Amino acid sequence: MARPSKYNAEFRSDAVALWRTSAGRWTFKDVAADLNVNPETLRTWVREADRSIDPPSLESR
């Protein structure tokens with residue numbers, strides 16, 4: 001069983017927004033260091049946010 005996240009949804013959402021506004025200037029590592037989170041954690045949050053915005057399309061038959 002996975003342990004509950006110590007970061008609330010608002011923090012994660014704000015972290016993703018910060019990374020998106022700084023993309024091209026800062027890396028995941030830079031933004032994560034600023035927020036004191038693991039870079040892979042931030043990368044996962046961004047991927048999850050991207051999936052919720054643009055879900056994969058289902059092929060119609």
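I began with the surface: the accessible surface of the protein is about 5200 Å², and 51% of it belongs to carbon and sulfur atoms (Shrake-Rupley method, 1.4 Å probe). I note that this is a predicted model, in which local features need pLDDT of at least 70 and side-chain atom pairs count only at pLDDT 80 or more, while totals for chains, interfaces and linings use all residues. Residues are numbered from 1 along each chain as its sequence is written, and side-chain values use heavy atoms, with hydrogens and water left out.

I then looked up the secondary structure and recorded three helices and zero strands (DSSP runs numbered from the N terminus; helices are H or I of at least four residues, strands E of at least two).

I examined helix H1 (residues 9-22) against helix H3 (residues 39-53): the two pack at about 90°, with axes 9 Å apart (lines fitted to C-alpha atoms over the stretch in contact, angles from 0 to 180 degrees between N-to-C directions). H1 and H3 are therefore roughly perpendicular (65 to 115 degrees).

I searched for aromatic pairs and found four in the whole structure (ring centres within 6.5 Å, the six-membered ring for Trp; planes under 30 degrees apart are stacked, over 60 edge-to-face, the rest tilted). The rings of Phe 11 and Trp 45 have centres 6.0 Å apart and planes at 90°, so this pair is edge-to-face. Phe 11 lies in H1 and Trp 45 in H3, 34 residues apart. Trp 45 is buried at 9% relative accessible area, whereas Phe 11 is partly exposed at 27% (buried is under 20%, exposed over 50%, partly exposed in between; 1.4 Å probe, protein chains only).

Methods: Angles under 35 degrees count as roughly parallel, over 145 as roughly antiparallel, 65 to 115 as roughly perpendicular and the rest as oblique.
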